[in-house]
Amino acid sequence: AVSSALAQSFDGTGVVIVNDGCPDPSSHWLGTAFSASYPDRVAYIRQPNAGLPAARNRGVRYALGRWPQAEAFFFLDADNLLPPDSIEAMYAHLGSAPDVHWIYSTLDNFGAKSITWHGETPANLFRMLFENQADAGSLVHRRIFEAGIYFDETMRQGYEDWEFFVRLLRN
């Protein structure tokens, strides 16, 4: 996941790795190694387990402070891979209109089952209430976080990303 983020064609892509209390020592070792190898582009944060929403929020807040010029944030989980032009292509759409606040793309699942999921464009609030239309791997404009919309840290049992996108549409 981190290597695919670093291989992006979009100039200035930075990576924040948030280790949310993973007990596997290799997670800490890898985070430390990436930040040491790419000190200008990779930040590593290790925190006690606080859940997925808290980890995402911590990463956003850190990135806003470290890279104040950052215009958007892509949420990449450890089991995700990005084609090299993903961020560049999504960012072009994100800047295409002032009312576009986040971009999600086609999702190709690989492994035991290989499927392609095509999200509906544009997202629809009514439909989003019943069916998640966006993968967590979405590019979200900074104005969302500047408006005070973050992931709900009380959600620790699943659907955290879905709930975030419902609030995005509602607001």
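Colleague: Which residue forms a salt bridge with aspartate 77, and how far apart are the closest N and O atoms?

Modeller: This is a predicted model. In it, aspartate 77 pairs with arginine 56, and the closest N and O atoms are 3.0 Å apart. The two are 21 residues apart in the chain: aspartate 77 sits in the loop between β3 and α4, arginine 56 in helix α3.

Colleague: What does aspartate 161 form a salt bridge with?

Modeller: With arginine 56, at 2.9 Å between the closest N and O atoms. That pair links distant parts of the chain, with aspartate 161 in helix α7 (residues 160-170) and arginine 56 in helix α3, 105 residues apart. Both aspartate 161 and arginine 56 are buried.

Colleague: What about glutamate 153, which side chain does it meet in a salt bridge?

Modeller: The side chain of arginine 61, at 3.8 Å from N to O. Glutamate 153 is in the loop between α6 (142-146) and α7, while arginine 61 is in helix α3, 92 residues apart. Glutamate 153 is partly exposed at 37% relative accessible area, and arginine 61 is partly exposed at 44%.

Colleague: Which residues do shared partners join into one network?

Modeller: Arg56, Asp77 and Asp161.

Colleague: How many salt bridges does the count come to?

Modeller: Five.

Colleague: Changing topic. How much space lies in the largest pocket?

Modeller: About 1,400 Å³. Its lining has 43 residues, and Val15, Val16, Ile17, Phe74 and Leu76 lie nearest the centre. The elements giving two or more residues to that lining are α1 (2-6), β1 (15-20), α2 (25-37), α3 (52-66), β3 (72-74) and α4 (86-94).

Colleague: How do the lining residues divide into nonpolar, polar and charged?

Modeller: The lining of the largest pocket has 27 nonpolar, 11 polar and five charged residues.

Colleague: Now the surface. Which residues form a nonpolar patch there?

Modeller: Leu125, Phe126, Leu129 and Phe130 form one, with about 450 Å² of accessible area together.

Colleague: Where does phenylalanine 130 lie, and why does it count as exposed?

Modeller: Phenylalanine 130 is in the loop between α5 (125-128) and β7 (138-141). It counts as exposed because its relative accessibility is 59%, and exposed means over 50%.

Methods. Residues are numbered from 1 along each chain as its sequence is written. This is a predicted model: local features need pLDDT of at least 70, side-chain atom pairs count only at pLDDT 80 or more; totals for chains, interfaces and linings use all residues. Side-chain values use heavy atoms; hydrogens and water are left out. On a 1 Å grid over the protein atoms alone, a cavity is a set of points where a 1.4 Å probe fits but cannot get out, and a pocket is an open set with protein on both sides within 12 Å along at least five of seven lines; lining residues have an atom within 4 Å of a point. Grid points are joined across faces, edges and corners, and a volume is the space filled by probe spheres set on the points. Helices (H or I, at least four residues) and strands (E, at least two) are DSSP runs, numbered from the N terminus. Ala, Val, Leu, Ile, Met, Phe, Trp, Tyr, Cys and Pro count as nonpolar, Asp, Glu, Lys and Arg as charged, and the others, Gly among them, as polar. Patches are made of residues with over 30% relative accessible area and no salt bridge: like charges are joined within 9 Å, nonpolar side chains (Val, Leu, Ile, Met, Phe, Trp, Tyr) within 5 Å. Accessible areas come from the Shrake-Rupley method with a 1.4 Å probe; for residues, only the protein chains shown count as cover. A salt bridge is a side-chain nitrogen of Lys or Arg within 4 Å of a carboxyl oxygen of Asp or Glu. Buried means under 20% relative accessible area, exposed over 50%, partly exposed in between (1.4 Å probe, protein chains only).
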